[in-house]
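Subject: Handover of a structure

Dear colleague,

Please find below the structure that I am passing on to you. My notes on what was found in it follow directly after.

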Amino acid sequence: MKFSFLHSRRIPLAWLLLTRQPLRLLVAIAGICFAGILMFMQLGFRDGLFDASVTVHRLFDADLVLVSPRSMSSISMSGFPRRRLVQVMAHKDVIGTTPVNWNFLLWRNPQTLSTRAILALGFEPGSPLLTDPKFSEKAQKLKNSGRVLFDDLSREEFGPVPDWFLEGRTVETEVAGKRVRVAGLVSLGPSFGADGNMITSRETFLRLLPSTPPGSIEIGLIRLNAQADHQKVLRSLSASLPNDVKVLTKEEFIDFEKNYWRTSTSIGFIFTLGAAMGFVVGCVIVYQILYSDVSDHLAEYATLMAMGYRLQTLFGVVAREGIFLAVMGYVPAYLSGQALYALVRSSTKLPVSMDPQRACIVFFLILFMCMASASVAMRRLIDADPADIF
Amino acid sequence: MKLTNNSQNNFSSVQIDGLSHWFGNGLTRKQVLYSVSMTINPGEVVLLTGPSGCGKTTLLTLIGALRRVQKGELSVLGLQLNGSRRTARQILRKNIGMIFQGHNLLRCLTAEQNVQMGADLLKGLSYRKRREHSRNWLIEVGLEDQMDKLPHDLSGGQKQRVAIARALSANPKLLLADEPTSALDSVTGREIVSLLKRLATEQNCSVLMVTHDPRILDVADRLLKMEDGRILPIVE
Ligand SMILES: Nc1ncnc2c1ncn2[C@@H]1O[C@H](COP(=O)(O)OP(=O)(O)O)[C@@H](O)[C@H]1O
Ligand SMILES: [Mg+2]
């Protein structure tokens, strides 16, 4: 292995061609880096927005979720009979269920007195709702009627509720025209559909929204014992339940929501288009650089052919230049991407981060960009006629 | 390859018989070589002179397997070039050293790396061996102190020395040089040509050199004159 490497090792011509013109190399790297950052940002925003649509979904303490087949997304949830959860309890692998009411109510900002729609969740304070272990303690406070837990990540338009609460003030306001008191804070995070969230008991929920049929819920959380095969339980529940409910795994529940935003809105398209623009810009820059590089060195390439180098070997030199450019452009793009993600996270509360899968996708896009440009630039090499150099 | 077999026995390095060449096509088609015939024996140093535009460079590029043969017989190091395949010509070129009018060094490589581009064509040698080989050639041409300089920082004569080292480092059996001294002053030109002749003869490498320069004619074993695409009969 080492032996053959020593025999095949050559002067790193591609590297030297690139680095002996530092200014051009810098322009190339800046261009590729720019394209990479554009792709990172656009794809990051896209994924971040989709992730943001399921901030609450992820937090539920559930293995399987019951929803109405008429529910389209978190902003249009339909109810189904609560009895279905009782039927689910009959399955031997089901260890617990939580009925949850889910609707948008008008929250009055206690400071400005303006109202805004907030996502309200109603559940039995005694049963588990969120995976956060500290939550069940806070939930106890909801046992008193008219108490709510306010999401401290809610947008500021809902009023300075967390600040007031932490100062020790009694925060009271109106929800759907009825008086409520903030009994604690939780951290859920705003999503696409909801600018803010609050959690309350089912009893309070029904008081705030008396039109809700008493036996109707919007989602049912199902917890299974640790050994249970989720898919198997899901199949057997689906088979036994009437078709006014749909059984989803928690992942499917999350995907169901993301999918709504992906397919029913043009968000995905807009950001993918943005990333594609970055790709095209990068292609043009790399092509320009490689093409002028090949043109400038055409006589030298012709000399190498006259010396007996194969055309394929010279193609390889250009291809390697492409690979070097891709790597050298990707590294700063990756680092800047990470810095910009941190900036976006801190300023918009959008959950964007350097997902390894996206990091790979952008790398391969950049590599593809460079290789495609290199292979077009190679065609210039065919013009190198070794007979012309004498 | 066949090439190595042939070079061991007493085949001629170059054997040309009735070689004609045209440029352009249709009405602009113009003949530049008229049934040229000549032979170069192994180890021989042949000079080719003649007025500008008489077809010397064309003949050299044909022998160097850089152009397709149109008419006539041309065999170089035992390979018949008329009707030869592209890859066969490319492999043949590894055995032909070429020195151009301009030095044609790679601008982005140091003197040593330029020479190594020639040495890298040698099969079966490790990187270190090839590097050593290139250094030895640079020492041979008297550039041991200039190895790490870029062509940009070398004088014309030094560049041509690097070109000679590069051509010889691939261990060629035939060296083609087209007016290697035209860009140099006469003293340097003389030096370069003597060096070229000495090193090539040591390697038992045949040389065909095109030149206008009357002061260097004496290095030749044989002198060929060309006019209007024809080789003139030799007058001793
Ligand atoms: N690529 C070409 N296309 C057309 N005509 C050419 C080309 N190369 C050379 N010629 C013509 O062929 C003739 C011989 O040229 P050349 O071999 O370069 O002469 P020399 O090297 O003896 O000066 C000249 O008249 C020249 O104009
Ligand atoms: Mg000429």
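Which residues of H4(B) and H5(B) meet? The model is a predicted one, and in it Ala111(B), Glu112(B), Val115(B), Gln116(B) and Ala119(B) of H4(B) are in contact with Tyr127(B), Arg130(B), Arg131(B), His133(B), Ser134(B), Arg135(B), Trp137(B) and Leu138(B) of H5(B). The residues of this contact comprise six nonpolar, three polar and four charged. H4 spans residues 111-119 of chain B and H5 spans residues 127-140; the two helices pack at an angle of about 120°, and their axes lie 9 Å apart. Their crossing is right-handed.

From H11(A), the residues Val286(A), Ile289(A), Leu290(A), Asp293(A) and Val294(A) meet Val318(A), Glu321(A), Gly322(A) and Leu325(A) of H13(A). Six of the residues in this contact are nonpolar, one is polar and two are charged.

Helix H14 of chain A (residues 356-378) also deserves a note. Its 23 residues reach 32 Å from the first C-alpha to the last, close to the 33 Å expected at 1.5 Å a residue. Among the buried residues of H14(A) are Arg358(A), Val362(A), Ile366(A), Leu367(A), Met369(A), Cys370(A) and Met378(A). The cover over the buried residues of H14(A) includes H11 and H13 of chain A, as well as helix H3 (22-52).

Yours sincerely

Key: Residues numbered from 1 in each chain as written. Chains lettered and ligands numbered in written order. Predicted model: local features only at pLDDT ≥ 70, side-chain atom pairs only at ≥ 80, totals over all residues. Heavy atoms only, no water. Contact = heavy atoms within 4.5 Å. Helix = DSSP H or I, 4+ residues; strand = E, 2+ residues; numbered from the N terminus. Nonpolar A, V, L, I, M, F, W, Y, C, P; charged D, E, K, R; others polar. Expected span 1.5 Å × (residues − 1). Buried < 20%, exposed > 50% of the residue type's maximum accessible area, 1.4 Å probe, protein only. Axes fitted to C-alpha atoms, helices over the stretch in contact; angles between N-to-C directions. Left-handed = near helix turned anticlockwise from the far one by under 90°.
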